[in-house]
Amino acid sequence: MAISRLQPLFLLLLLRAFTSLPTQAAARGGQDPSEDGGHGSFSRNLLEDKPRITEEMARGYMSNAELETAIHAFGSRCSNISRVYSIGKSVNHFPLWVIEISDKPREREAEPAFKFIGNVHGDEPVGREVLMRLANWLCDNYLKDPLATLIVENIHLHILPAMNPDGFTLRWRGNANNIDLNRDFPDQFFSVNNDVNHRQPETKAIMDWVKQEHFTASASLHGGALVANYPWDGTRDTGKRYYGCPDDKIFKHMASVYSQSHYNMSLSKEFEGGITNGAFWYPIYGGMQDWNYIHGGCFELTLEISDTKWPKAAELPVIWEHNRMSMLNLLASLIKSGVHGRIFAADTGRPIPGSVMIMGIDSKVSAGRTFGDYHRIVAPVVASMRGFRSKSTRIVLEQDQAVSLDFILDPDGTREQMKLPQNDWGCHCNNHKLFHIHESHLWMYLLTMSLLLTLYVLFKRKMASRLLTYRIYSPRRPVAV
Ligand SMILES: [Zn+2]
């Protein structure tokens with residue numbers, strides 16, 4: 001029906017009706033009922049003439065060039081706790097700049113890594129502005145504010161202010177190819193995005209990044225609602241209902257940390273406690289958070305941090321203040337709770353990239369390649385690695401108390417037949433050909449073996465005492481199994 005034929009009164013009623021619709025179309029995208037390809041909020045945009053986002057609305061927001069300058073200025077000003085790098089380029093070749101914040105930003109450490117991603121949707125620019133404020137706040141308050149210091153010293157925080165710079169310039173939802181990036185990831189139920197050749201460069205950059213960096217948790221920032229959204233995002237039969245992932249309780253906790261620390265998110269009338277399961281709100285497929293959890297072992301939230309998708313720039317300082325403690329507490333919760341530790345091979349004493357899981361929860365968290373370190377938001381009870389016997393334990397967690405739990409796994413004898421992954425400190429010690437025995441040299445072999453056995457016992461004792469020392473001086477409460 002052509003809108004121009006509608007009578008003014010009916011138009012007004014229609015507008016009111018649309019304005020009272022849930023804001024779902026504005027946020028993660030949902031089944032956008034508008035016919036324009038889903039570039040915006042149905043309620044606000046249907047009756048507007050193009051361009052929907054006026055020059056006046058854009059005033060006060062950083063352009064992409066200004067954002068790039070701000071990122072590099074930050075890198076220079078705060079070079080002691082940051083490094084700037086790019087994870088790829090957008091369709092229109094704009095670099096996807098990331099700021100890493102840590103007291104040792106150029107080093108790998110056995111610490112959890114967290115990522116914040118802003119501006120996934122081009123017409124939701126609040127995240128990119130808020131994330132630059134977060135970076136600057138951490139830099140300004142490091143060694144002055146205990147929370148800032150805690151975060152900088154114990155986490156590697158990676159901030160990608162704009163995942164979709166082209167969409168921002170075009171002032172629409174998708175990227176330059178008009179693709180919604182939060183629908184472009186491989187999906188667990190449907191194979192629509194499985195063709196890697198059709199993957200958007202921005203999506204591919206994120207996927208490569210997640211494989212590279214071993215993130216413990218993350219959050220992407222959106223606008224159009226005020227709620228912390230957690231997996232799953234979709235259901236197998238596309239039905240709209242609550243569909244929790246194996247770590248549902250942990251995700252609820254993470255989402256609540258955000259909403260409860262927010263100025264008014266938890267007071268929401270639409271979302272109980274200011275949090276929601278994605279599929280319960282409205283199912284989406286090909287979303288970023290489910291992919292992160294399934295393929296990256298990364299616990300990702302989708303945060304809707306502003307009721308309005310593109311508010312006036314004058315509101316940005318208030319929106320930042322409303323979200324500041326939420327962001328800081330979410331980061332601090334990684335350090336203050338959960339279990340952190342490393343996995344070692346008993347025979348070599350070297351860290352190994354095994355994995356940990358919680359009994360009864362069908363999800364694994366991998367340990368890092370360099371240090372064999374793992375960071376689980378709750379207690380793991382089984383550590384495993386091909387070629388080693390699994391070990392399990394029970395530990396008691398206290399509230400707001402992190403636990404350090406190292407595993408030393410015994411080889412199960414099958415390791416020689418398989419190629420072990422190499423960690424950065426180790427080597428492929430393929431020494432099964434070192435002792436080729438001739439019958440006449442049997443006595444020499446026996447002598448060598450007994451000598452090696454003695455050395456091994458001595459080495460093992462020394463290793464045990466070294467590990468014990470490490471545990472005693474570990475800052476967190478350690479448990480060894
Ligand atoms: Zn969005």
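Phe215 is buried, at a relative accessible area of 2%; a residue counts as buried under 20% relative accessible area, as exposed over 50%, and as partly exposed in between, with a 1.4 Å probe and protein chains only. The model is a predicted one, in which local features need pLDDT of at least 70 and side-chain atom pairs count only at pLDDT 80 or more, while totals for chains, interfaces and linings use all residues. Residues are numbered from 1 along each chain as its sequence is written, and side-chain values use heavy atoms, with hydrogens and water left out.

Elsewhere, the charged end of Lys240 sits over the ring of Phe280, 5.6 Å from its centre.

Turning to the chain as a whole, the protein has 13 helices and 16 strands, which are DSSP runs numbered from the N terminus (H or I, at least four residues, for helices; E, at least two, for strands). Of its 481 residues, 53% count as buried. The exposed surface comes to about 23400 Å², with carbon and sulfur atoms supplying 55% of it; these areas come from the Shrake-Rupley method with a 1.4 Å probe, and for residues only the protein chains shown count as cover. Among contacts with a separation of 6 or more, 74% are between residues 24 or more positions apart, a contact being heavy atoms within 4.5 Å.

Helix H8 spans residues 201-213, which makes 13 residues, and reaches 18 Å from its first C-alpha to its last, close to the 18 Å expected at 1.5 Å a residue. That expectation is 1.5 Å times one less than the number of residues. The buried residues of H8 are Glu202, Thr203, Ala205, Ile206, Met207, Trp209, Val210 and Glu213. An α-helix has 3.6 residues a turn, so residues three or four places apart point the same way. The cover over the buried residues of H8 includes strands E1 (82-89), E2 (95-101), E3 (113-117) and E4 (156-160), together with helices H7 (165-170) and H11 (288-296). His214 follows H8 and has a positive phi, near 60 degrees.

Helix H11 is mostly covered, with 7 of its 9 residues buried: Met288, Gln289, Asp290, Trp291, Asn292, Tyr293 and Gly296. Covering these residues are, among others, E3, H8, strand E5 (217-222), strand E6 (225-230), helix H9 (248-261) and strand E8 (299-306).

The aromatic residues form 15 pairs, counted where ring centres of Phe, Tyr and Trp (its six-membered ring) lie within 6.5 Å; planes under 30 degrees apart count as stacked, over 60 as edge-to-face and the rest as tilted. One of these pairs, Phe185 with Trp291, is tilted, at 5.8 Å centre to centre and 45 degrees between the planes. Phe185 lies in the loop between H7 and H8 and Trp291 in helix H11, so the pair ties together parts that are 106 residues apart in sequence. Phe185 is buried at 0% relative accessibility, and Trp291 is buried at 3%. Trp209 and Phe215 form an edge-to-face pair, 5.1 Å centre to centre with 80 degrees between the planes; Trp209, too, is buried, with a relative accessible area of 3%. Ring pairs also link Trp232, Phe251, Tyr293 and Phe299 into a cluster.

Pro186 lies in the loop between H7 and H8 and counts as buried at 16% relative accessibility. Leaving aside neighbours within four places in sequence, Pro186 is in contact with Asn193, Asn194, Arg199, Met207 and Trp291. The C-alpha atoms of Pro186 and Gly287 are separated by 7.9 Å, although the two residues are 101 residues apart along the chain.

Finally, the structure holds 1 disulfide, defined as a pair of cysteine sulfur atoms within 2.5 Å. Cys78 and Cys139 form it, with their sulfur atoms 2.0 Å apart. The torsion about their S-S bond is about -100 degrees, so the disulfide is left-handed. Cys78 lies in the loop between helix H4 (64-77) and E1, and Cys139 in helix H5 (residues 126-141), so the pair ties together parts that are 61 residues apart in sequence. Both Cys78 and Cys139 are buried.

Definitions and conventions
A charge sits over a ring if NZ of Lys or CZ of Arg is within 6 Å of the ring centre and within 35 degrees of the ring normal.
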